[in-house]
Amino acid sequence: MKFFYLLSALFLATNLFADKPNIIFILVDDLGRQDLGCYGSTFYETPNIDSIASDGVKFNNAYVAHPRCVPSRFAIFSGIYPARYGVPGFKIKEYKHTLPLKLNTFAEHLKTSGYSTAYIGKWHLGGHGGEPKYQGFDTSIMAGHAGAPPSYFYPFHKAKKGKSKEDFAPVEGKDGEYLTDRLTDEALKFIRSNKEKPFHLTLAHYAVHTPIEAPKDLVEKYKQKLKALKIKDGGPRSDKDVKEDTSGFYKTVQNNPSYAAMLEKVDQGVGRIMEELKTLQIEDNTVIIFTSDHGGLSSRGLKNKRELATSNLPFRHGKGWLYEGGNRVPLLVKWPAKVKKSLTTDQRITGTDHYPTILQMAGLPLKPEDHVDGESYMKSLHGETYDRGPIFWHSPVARPTSTGDTNMTAMLKGNYKLIECHDLNFLELYDLSKDISESKNIAQEKPELTKQLLAEMNAWKKSVNAKLKPKGFVRKKK
C-alpha cells in the first residue's frame, strides 16, 4: 500500500512539473550589442551564442533600464525602474541594500512554485545580508557585492598589477584557473544536480568587464587575426582608432585582442552549457535567455587614458550614456519546445520586462504589484508585436571623468527619443527611424513635439520621484 502511495506521489509530482521549463538567464557584463556575430561583428567569434539566435529569437530593439551595472541589474531582478528607489547614487535610509529586501524578485516566485534556484557570478546589489540567498536563490556562488574581480586569473581577489578597489572575497581555486571557466563549471554542477525537477539558473558573468584579461594563447590568436585583416591592434593604451566627441573620446573599431579573447571564453562557456543540456536530454524544455546589462565600454572622458574595450558603432557612445550605444543590448531567447527557430523581432523591450516574461514562461500568474514597470514580451517570442508604450531612463549621477557621460533623462516613444541634458538645460530630439546614430538633433525643427514629449517625461519623473544631483560637468553643445 505504501508503495502505491509513493507511486501516486511521484506521478503527481511529475505532472506538477511536466509543463514547467528550466530557465537559464545568462547575463554578460558590459557586452555591447554589436559585439556578437549575429548582430554583425566580423572580428569577435561567438558561434555558440549566435546559435541561440539561429535556434530561437533575436531581438533587434532590446534596451536596458539604465546603462550602468547596478541600476540595470536592479531593474532586471525587481521589474522596477531604478529611479523609483534612488538608484543610482541616492541612498534611501530605510534600505540597507541597493536591491531592498522588501522587494520580491522573480526568483522568489519561482522558488515558491517549486523551482530550484541558483545565482552564480556577479551580484553587485547588496552587501552582507543582501546576497542572492536572501532574494530567492537557494544556491549562491561567487556572488558578492564586488562589481568586478581584481583579476580573472586565480587568485581572483588579487590584482595582477597594482591594487584593486574591489572587495572580491577569496574563494578556493587552482593556479591558472580562469574565472569565466570557473563560473561555467559551477553552472554545470548545478544543472546536473537539478536535472530531475525544474530549475532556474542566473549565470551572471563578470566578463567582459574590466580588467581586460584573457589567456595568452587566445589573445595571440586575435593579434594574428588583426594582422591578417590588416587592422591596427587596439589593445592597452592604444588610441589609433579613438575619436573625440562633445565630451570625451569614443572607440570606432572592434580591434582589442584581449577583449575578443574574453568574449570567446564566454562563448565557449555557453557552448558547454548547451552541450550539457543535450547530454542530459533536457534541452527541449529549457529556456535560455542571453543578454547584457548595458552597452559596451567604448567611451571615456577627455582627460582619461583608460583602455577602451570595443566599439558600438553605428550606435553612439556606450556604457554610462543614454544614447543608443549605452542602452541597447543583445537579447536572444531559445526555447525549443515552444519557440520557432530563426525568428527576428523588432519588438521594443526594456530590462524591467524580463521579470514578468520569466513568470509567464514558468506558467505563473503575473505580479504587477511587484514588477511595477515590467511588461511581458512572451507574445514577441511567437512573432506577435504589441505597443510597449514609452520607455524611460534617468541618469542623474554621471561619470564625466571615466566614461565621459553627463547627467541626463531620456524617453523613447514611437520613433522619437527625447534627451534632457541637465548640465546645460539642453534638449535633444532624435528620430531613430532615420537617425540611428543620433547625429542630428531635431528639437528645434519640431518644437511642439519636443514640448509634448518633455511634458510627458517630466510627469514620469514626478511620478517616480526621480532625483537630481547638483550640476557638475558641462559639455559642449552638439
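Q: Which residue forms a salt bridge with aspartate 55?
A: The model is predicted, so local features need pLDDT of at least 70 and side-chain atom pairs count only at pLDDT 80 or more, while totals for chains, interfaces and linings use all residues. Residues are numbered from 1 along each chain as its sequence is written, and side-chain values use heavy atoms, with hydrogens and water left out. A salt bridge needs a side-chain nitrogen of Lys or Arg within 4 Å of a carboxyl oxygen of Asp or Glu. With closest N and O atoms 3.7 Å apart, the partner of aspartate 55 is lysine 334.

Q: How many residues apart are aspartate 55 and lysine 334 in the chain?
A: Helices (H or I, at least four residues) and strands (E, at least two) are DSSP runs, numbered from the N terminus. Aspartate 55 is in the loop between α2 and β2 (57-63), and lysine 334 is in strand β11 (residues 331-334). The pair therefore links distant parts of the chain, and the separation is 279 residues.

Q: Is lysine 334 buried or exposed?
A: Relative accessible area decides this: buried means under 20%, exposed over 50%, and partly exposed in between (1.4 Å probe, protein chains only). Aspartate 55, at 23%, is partly exposed. Lysine 334 has a relative accessible area of 5%, so it counts as buried.

Q: Which residue forms a salt bridge with lysine 221?
A: The closest N and O atoms of this pair are 2.8 Å apart, and the partner is glutamate 45. Lysine 221 is in helix α6 (residues 216-229), and its partner is in the loop between β1 (22-28) and α2 (47-54), 176 residues apart. Lysine 221 is partly exposed at 31%. The other residue, partly exposed at 26%, is glutamate 45.

Q: Which helix holds the partner of lysine 413?
A: Lysine 413 forms a salt bridge with glutamate 456, and their closest N and O atoms are 3.0 Å apart. Lysine 413 is in strand β14 (residues 408-413), 43 residues from its partner. Lysine 413 has 33% relative accessibility and glutamate 456 has 25%, so each counts as partly exposed. The helix that holds glutamate 456 spans residues 447-464 and is α10.

Q: How many salt bridges does the model have?
A: Side chains of opposite charge can pair when their charged atoms come close. Some pairs join up: Asp29, Arg73, Lys122 and Asp293 are linked in a network of salt bridges. By the distance rule the count comes to 27 salt bridges.

Q: Are α6 and α7 parallel, antiparallel, perpendicular or oblique to each other?
A: Axes are lines fitted to C-alpha atoms, for helices over the stretch in contact, and angles run from 0 to 180 degrees between N-to-C directions. The axes of α6 and helix α7 (residues 257-279) come within 8 Å and cross at roughly 120°. Under 35 degrees counts as roughly parallel, over 145 as roughly antiparallel, 65 to 115 as roughly perpendicular and the rest as oblique. The two helices are therefore oblique.

Q: Which residues of α7 meet α6?
A: Contact means heavy atoms within 4.5 Å. On the side of α6 the residues are Leu218, Val219, Lys221, Tyr222, Lys223 and Leu226. Those in α7 are Pro257, Ser258, Ala260, Ala261, Glu264, Lys265 and Gln268.

Q: At what angle do α5 and α7 pack?
A: Helix α5 (residues 179-193) and α7 have axes 9 Å apart. The angle makes α5 roughly parallel to α7. Residues in the contact include Leu188 and Ile191 of α5, and Val266 and Ile273 of α7. The angle is about 15°.

Q: Which elements do the buried residues of α2 pack against?
A: In α2, the buried residues are Ile49, Asp50, Ser51, Ile52 and Ala53. They pack against β2, α7, β8 (286-292) and β11.

Q: What is the relative accessible area of glutamate 438?
A: Asparagine 425, in the loop between β15 (416-421) and β16 (426-431), has a positive phi near 50° and counts as exposed at 64%. Glutamate 438 also has a positive phi of about 50°, and it lies in the loop between β16 and α10. Glutamate 438 is buried, with a relative accessible area of 0%.
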